[in-house]
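This report describes selected side-chain interactions and local surroundings in one protein chain.

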Amino acid sequence: MNSEKLFANFPLLSADWGALFKVLMVVVLLVLIAMFIYDRFVQRKNQLLINYPLIGRMRYFFYALRGPMRQYFGDETFYDSFEKLEWVNKVATKENPYLSFSPTKPYGNQKVLFKHANFVKEVSEVQEQFTVTFGKERRVPFVSTSIVGRSAMSDEAISPEGTRAFAIGARKGNFPINTGEGGLTSNFLASLNVEDCSCTDYLEIKKGTWFAKGAYKVIRFFTNKEVSQRVYRKMVVRQKDRGTFIFDNIKLLYFRIDWDCSLEKFPDVVPSSVPDITFQMGSGLYGVRNHDGTFNPERYKKVMRFAQMTEVKLAQGAKQTGGKLLAAKVSDDIAYYRGIPAHVDLISPNRFPHATDMETFFDFISELQELSGKPVGYKIVISTKEDFEVYAKALKERKEAGLSIADFITIDGGDGGSATAPLEMMSKIGLPIREALNIVVSLLHAYGLKDDIKIIAAEKVLTPDDVIELLCHGADFINIARGFMISAGCIRARECSGAGRRNCPVGLATMDEGKRSKYLVLQKAKNVANYHNELLHGVQSLMAVMGKSNVSELSMDDLIER
């Protein structure tokens, strides 16, 4: 049978498909063009698709294949399981995080289990609000309304838009946020409005003309807040200062703190619309330094008018040598905030300048307590019991001598991460957080210091079970970085450093103008607040099953080590 007879028996094969194929190609092309326009210019729920329209959708296509194709591809190795990351993304967007059938990691492989109570409690019987008091002996103690806070991440390591999202989210969720060693910048005060300021003498204000305000309202009507603010900012603030001003969406003006004003003009109490801020002081003394790099007490007192407490960073698990910013991230804004040259690699000193020995260091902490009247603590990495015992002995001697001691200690686990750090230091310096907590808690009890000093723990915390486990190990408060990053849109592309001109694709951890400009600040602020709220709800649910009413009841006896 020749081909003609074959086609005669099957009319579809003998038809002229050329015209139909062309029509289909045109339709497909039009659909792709429409999707491109929608992703880039219309939708405002996914910043990855704004930066990478069409192509970015492949990520979610492969996500859809991940479950059924799991036997062909490796599962998450850095975290306990992919389900932890998925939980963060789901609760951040208020999706149901429940799993069906089973997790991918077998139950029998769990190293730590929680004890189930013989008679469980209802969630309503568990404490509704978690509070921690820092610096009860200070003139102005800090009462945190949460046991979870966003860990130290500097504005500039995180994009200005990302920092604003975190700050607004912290205000919405009522949890503390740590500035990181980059210091307090305008973006941490993003939720502040001029009307919230009892006195505006300490503010530098930029007002738009009637034309600029009119243009803002028109663009706002036809587009969205993000686009209209971006255009308005260009019309009101000069390019060099654009990232240092806060937008007041009520009065349609821009303002920033005038640090040259006298201290008397600054607010006596932290404005209520500002989130609870922990000011971190690193080895570079950024934000509280003189031009020669020395400590500026007057500037520090001004900064503390907006912060609740101070954390002095002596060490961090992944980068003992302090923060690192490549020149690509050292913008004019960063130079303004930190008091350093712009567009030059910024490598912080190894040693904190006021930490040459125990006496000098703790005297400096006492000075900070006196200057601010607020709690002051320090951040370290634990290596051995003997090393931390040196701190414990020095603290006990000061207490017995009637001198002030640190109000809290932040323990950073050796397995903690960093967006920019040498490979040789990642997961190689210091003990993991659980071992470190056991040492710190036991020694503080042994030296009679536990009631005076709160313990903050930080390392690879994502979900409520991680929080519960660290609380059982003796932590009073939990700092989280990665979990909040993921809730704010991080896709773990590992392009945070800006090296090789490779930038964070979602605009969260980059100073690249193009990527940053499409980051969805207000949307992600809601997600950050949602994540925090669901964390606490998950903690309450676990406590109910464990038969606990208050976090103070949690201890190592509630863990089953396997």
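The structure is a predicted model.

**Salt bridges**

Over the whole structure, a search finds 18 salt bridges.

| Pair | N to O distance | Source of the entry |
|---|---|---|
| Asp 39 and Arg 57 | 2.7 Å | salt bridge |
| Asp 407 and Arg 138 | 3.0 Å | salt bridge |
| Lys 313 and Glu 181 | 2.5 Å | salt bridge |

In the salt bridge between Asp 39 and Arg 57, the closest N and O atoms are 2.7 Å apart. This pair links distant parts of the chain, with Asp 39 in helix α3 (residues 18–42) and Arg 57 in helix α5 (residues 57–66), 18 residues apart. Asp 39 has a relative accessible area of 0% and is therefore buried. Arg 57, in contrast, is partly exposed, because its relative accessible area is 32%.

The side chains of Asp 407 and Arg 138 also meet in a salt bridge, at 3.0 Å from N to O. Here the two residues are 269 residues apart and both sit in loops: Asp 407 between α13 (385–400) and β14 (408–412), Arg 138 between β2 (132–134) and β3 (142–144). Both Asp 407 and Arg 138 are buried.

Lys 313 and Glu 181 form a salt bridge as well, with their closest N and O atoms 2.5 Å apart. Lys 313 belongs to strand β10 (residues 309–313), while Glu 181 is in the loop between β5 (177–178) and β6 (203–207); the two are 132 residues apart. Lys 313 counts as buried because its relative accessible area is 7%. Glu 181 is buried too, with a relative accessible area of 4%.

Beyond these pairs, a network of salt bridges links Lys 84, Asp 465 and Asp 466.

**Surface patch**

A nonpolar patch on the surface is formed by Val 26, Leu 29, Leu 30, Ile 33, Phe 36, Ile 37, Tyr 38, Phe 41 and Val 42. Together these residues have about 860 Å² of accessible area. One of them, Phe 41, is in helix α3. Its relative accessibility is 54%, so Phe 41 counts as exposed. Asp 39, which is in helix α3, is buried at 0%.

**Cysteines**

The count of disulfides comes to 0. Cys 472 is buried, at 3% relative accessibility, and Cys 490 is also buried, at 16%.

At 0% relative accessibility, Thr 179 is buried. A polar atom of the Thr 179 side chain lies 3.0 Å from the backbone nitrogen of Gln 280. Leaving out residues up to four places away in sequence, Thr 179 touches Met 153, Ser 154, Asp 155, Leu 184, Phe 188, Ile 277, Thr 278, Phe 279 and Gln 280.

**Surroundings of Ile 439**

Ile 439 is part of helix α14 (residues 433–446). Its relative accessible area is 15%, so Ile 439 counts as buried. With residues up to four places away in sequence left out, Ile 439 touches Ile 382, Thr 384, Lys 385, Phe 388 and Leu 431. Ser 383 is 56 residues from Ile 439 in sequence, and their C-alpha atoms are 9.6 Å apart in space.

Methods
Residues are numbered from 1 along each chain as its sequence is written. This is a predicted model: local features need pLDDT of at least 70, side-chain atom pairs count only at pLDDT 80 or more; totals for chains, interfaces and linings use all residues. Side-chain values use heavy atoms; hydrogens and water are left out. A salt bridge is a side-chain nitrogen of Lys or Arg within 4 Å of a carboxyl oxygen of Asp or Glu. Helices (H or I, at least four residues) and strands (E, at least two) are DSSP runs, numbered from the N terminus. Buried means under 20% relative accessible area, exposed over 50%, partly exposed in between (1.4 Å probe, protein chains only). Patches are made of residues with over 30% relative accessible area and no salt bridge: like charges are joined within 9 Å, nonpolar side chains (Val, Leu, Ile, Met, Phe, Trp, Tyr) within 5 Å. Accessible areas come from the Shrake-Rupley method with a 1.4 Å probe; for residues, only the protein chains shown count as cover. A disulfide is a pair of cysteine sulfur atoms within 2.5 Å. Contact means heavy atoms within 4.5 Å. A polar contact is a pair of N or O atoms within 3.5 Å; within protein, one must be able to donate a hydrogen and the other to accept it, and residues adjacent in sequence count only if both atoms are side-chain atoms.
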